[in-house]
Amino acid sequence: MLFQGRDSRLSSVRPDPILPGSTWTRGTRRPGLAGPGLRCIDGEVECGYAISQAELNVHEVSSEETAGEDGAATNAIDGNPSTIWHTQWQDGQPGFPHHITIDLGAGYDVTGLEYLPRQNGSNGRFKEYAITVSVDGETWGDPVATGEFTSALTPQTVTWPEAAGRYVRLTGLSSINGSAFGGAAEINLGGTPH
Ligand SMILES: [Ca+2]
């Protein structure tokens, strides 16, 4: 009974966002960890413990389609690979770059991002990307990682040395199919809480 409140909170957390083929694997829960005990192994690099998507919020997005389809940015962090964030296309089609900024809810040493592209339909899959980390969501330095996602439909993991911050921005610079659209089915983040 002493921990009733805590147990109730934990029971309300959504299931772990482990996807088929994901490089995120179950690890050991650490004291003070906000989310489920997950960690990402990329070769010899441990990119930190996955931050529960239940802790994440969309801080800001460059555009999202909410009229022509449910392409809301929040779909990128809902744990459901079938729902997507899609940049605006019905009443305007802003071009690249596109970005989504995620608020982790607290300070982390952020070390990895996992990108799952949309699973059906070719519009909205990022190719070239840049990832930046910010303490306050307003000031952004040089990217912690840049590169290209492939056309694979499995989760794709990017890792980098620790970067302290609370906000992570994924910027897409081009698309796999050459269209003006970007988005994501799922975004997961790895790091160690301060
Ligand atoms: Ca989703």
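Colleague: How many helices and strands does the chain have?

Modeller: The chain has 1 helix and 11 strands, where helices (H or I, at least four residues) and strands (E, at least two) are DSSP runs, numbered from the N terminus. This is a predicted model, in which local features need pLDDT of at least 70 and side-chain atom pairs count only at pLDDT 80 or more, while totals for chains, interfaces and linings use all residues. Residues are numbered from 1 along each chain as its sequence is written.

Colleague: In what order do the elements run from the N terminus on?

Modeller: The order is α-β-β-β-β-β-β-β-β-β-β-β.

Colleague: Why is Ile 176 called partly exposed?

Modeller: A residue is buried if 20 or more other C-beta atoms, placed from the backbone, lie within 10 Å of its own, exposed if 12 or fewer, and partly exposed in between. Ile 176 has 19 C-beta neighbours inside 10 Å, and therefore counts as partly exposed. By the burial criterion, 39% of the 194 residues of the chain count as buried.

Colleague: Where does Ile 176 lie, and which residues does Ile 176 touch?

Modeller: Ile 176 lies in the loop between β9 and β10 (183-184). Leaving aside residues up to four places away in sequence, Ile 176 touches Arg 125, Lys 127 and Ser 151. Contact here requires C-beta atoms, placed from the backbone, within 7 Å.

Colleague: What makes a set of residues a nonpolar core, and which members touch the most others in the largest one?

Modeller: The term denotes buried Ala, Val, Leu, Ile, Met, Phe, Trp, Tyr and Cys residues joined through C-beta atoms within 7 Å. The largest nonpolar core has 31 residues, of which Ile 102, Leu 113, Val 168, Ala 184, Ile 187 and Leu 189 touch the most other members. Two or more residues come from each of β3 (45-51), β6 (98-116), β7 (128-134), β9 (156-172) and β11 (186-193). The most, 8 residues, come from β6. Among the residues that Ile 102 touches are Val 168, Ile 187 and Leu 189.

Colleague: How do you know that β6 and β9 pair?

Modeller: Two strands pair if DSSP finds at least two bridges between them. β6 and β9 have 13 bridges in the antiparallel sense, and therefore meet that criterion. Asp 109 stands opposite Ala 164 in β9. β7 and β9 also pair in the antiparallel sense, over 6 bridges, and the partner of Ala 130 in β9 is Thr 171.

Colleague: What makes the peptide bond from Phe 96 to Pro 97 cis?

Modeller: That peptide bond is cis, with omega near 0°. Pro 97 is found in the loop between β5 (85-86) and β6.

Methods
Two residues are in contact if their C-beta atoms, placed from the backbone, lie within 7 Å.
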